[in-house]
Amino acid sequence: MQNNVHVIDHPLVQHKLSLMRNKEASTNSFRRLLNELSMLMAYEVTRDVPMQEVDIETPMEQARVKVIDGKKLVFVSILRAGTGILDGMLSVVPGARVGHIGLYRDPKTLTAVEYYFKMPEKMAERDVIVVDPMLATGNSAIAAVERLKELSPKSIKFVCLLTCPEGVRAMQQSHPDVPIYTAAIDRELNDHGYILPGLGDAGDRMFGTK
Ligand code: URA
């Protein structure tokens, strides 16, 4: 693990990621695998979320048990590809709130341009998990986190499926306080801002748009 980078090397995660990388994987299986992988990643990224104690009755007696206050957790999806991870995470933390940031990559400059921003209220009371499958140049992730920091949430984590040394470096330079959770750090970024060996355009592959 590099400083503040958590590579989730569980065999189930690695196996599913390998299947997703295969260019022969159909849109249907790509989406299903992303969904399953996201559930597994949710398990890691929520490992230290705050818990609270509540009193309940088991069939046997009164008991004080621990629960997550899902409402305090916000998943922020970077549109459009973040949707794929969001769905899987919500299936294991259904009480979480959801925010969306619409950013597209200017194809010439590769910089992030914001076109949508909608968050739950009272962000200062919430822990944020930002999701986007590919941390490539880092421009979108950096812009998203910058924008979120204006709302002063209690904490911010970033979850992606894949990244590369360039993306990690850029993100850590701009936001060293934000831990990155990923299934793999690939070899490099190409001149068009794609990760190698990577898995291609995550949005196109999950939505079948190419
Ligand atoms: N976005 C993608 O979808 N794929 C990459 O390889 C890089 C950015």
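## Report on a predicted protein model

Val76 is buried, with a relative accessible area of 0%; buried means under 20% relative accessible area, exposed over 50%, and partly exposed in between (1.4 Å probe, protein chains only). Val76 belongs to strand E4. Helices (H or I, at least four residues) and strands (E, at least two) are DSSP runs, numbered from the N terminus. Leaving aside residues up to four places away in sequence, Val76 touches Gly99, Ile101, Met119, Val128, Ile129, Val130, Val131 and Leu148, where contact means heavy atoms within 4.5 Å. The C-alpha atoms of Val76 and His100 are 5.4 Å apart, although the two residues are separated by 24 residues along the chain.

The structure is a predicted model, in which local features need pLDDT of at least 70 and side-chain atom pairs count only at pLDDT 80 or more, while totals for chains, interfaces and linings use all residues. Residues are numbered from 1 along each chain as its sequence is written, and side-chain values use heavy atoms, with hydrogens and water left out.

### Overall architecture

The protein has six helices and 14 strands. Its radius of gyration is 17 Å, close to the 17 Å that the globule rule gives for 210 residues, so the protein is as compact as a globular protein of that length. The radius is taken over C-alpha atoms, and the globule rule is 2.2 Å times the number of residues to the power 0.38. Along the principal axes, the C-alpha atoms fill a box of roughly 60 × 40 × 30 Å.

Of the 210 residues, 45% are buried. Among contacts with a separation of 6 or more, 65% are between residues 24 or more positions apart. The accessible surface comes to about 11100 Å², and carbon and sulfur atoms contribute 51% of it; the areas come from the Shrake-Rupley method with a 1.4 Å probe, and for residues only the protein chains shown count as cover.

The buried residues of helix H3 (residues 82-92) are Gly82, Gly84, Ile85, Leu86, Gly88 and Met89. Their cover includes H2, strand E4 (73-79), strand E5 (97-105), strand E7 (127-131), E9 and helix H6 (202-207).

Ser140 is located in helix H4 and is buried at a relative accessible area of 15%. Beyond residues up to four places away in sequence, Ser140 touches Ile78, Leu103, Arg105, Ala112 and Asp132.

His175 lies in the loop between helix H5 (165-174) and strand E11 (180-182). With 3% relative accessibility, His175 counts as buried. Residues up to four places away in sequence excluded, His175 touches Ile142, Val145, Glu146 and Lys149.

### Charges and salt bridges

The protein carries 25 positive and 26 negative charges, whose mean positions are 3 Å apart. Lys and Arg count as positive and Asp and Glu as negative, with His and the chain ends not counted; the place of a charge is taken as NZ of Lys, CZ of Arg, CG of Asp or CD of Glu.

The structure holds 13 salt bridges, a salt bridge being a side-chain nitrogen of Lys or Arg within 4 Å of a carboxyl oxygen of Asp or Glu. The table gives examples.

| Salt bridge | N to O distance |
|---|---|
| Asp186 and Arg21 | 2.7 Å |
| Lys157 and Asp48 | 2.6 Å |
| Glu114 and Arg147 | 3.0 Å |

Asp186 and Arg21 form a salt bridge that links distant parts of the chain, 165 residues apart: Asp186 is in the loop between strand E12 (184-185) and strand E13 (188-189), and Arg21 is in helix H1 (residues 11-21). Asp186 is buried at 7% relative accessibility, whereas Arg21 is partly exposed at 25%.

Lys157 and Asp48 also pair in a salt bridge. Lys157 in strand E9 (residues 155-159) and Asp48 in the loop between helix H2 (27-45) and strand E2 (51-57) are 109 residues apart, and the pair links distant parts of the chain. Lys157 is buried, with a relative accessible area of 11%, while Asp48 is exposed at 54%.

Glu114 and Arg147 meet in a further salt bridge. Glu114 lies in strand E6 (residues 112-118) and Arg147 in helix H4 (residues 139-149), so the pair ties together parts that are 33 residues apart in sequence. Glu114 is partly exposed at 37% relative accessibility, and Arg147 is partly exposed at 24%.

Lys16, Arg32 and Glu36 are linked in a network of salt bridges.
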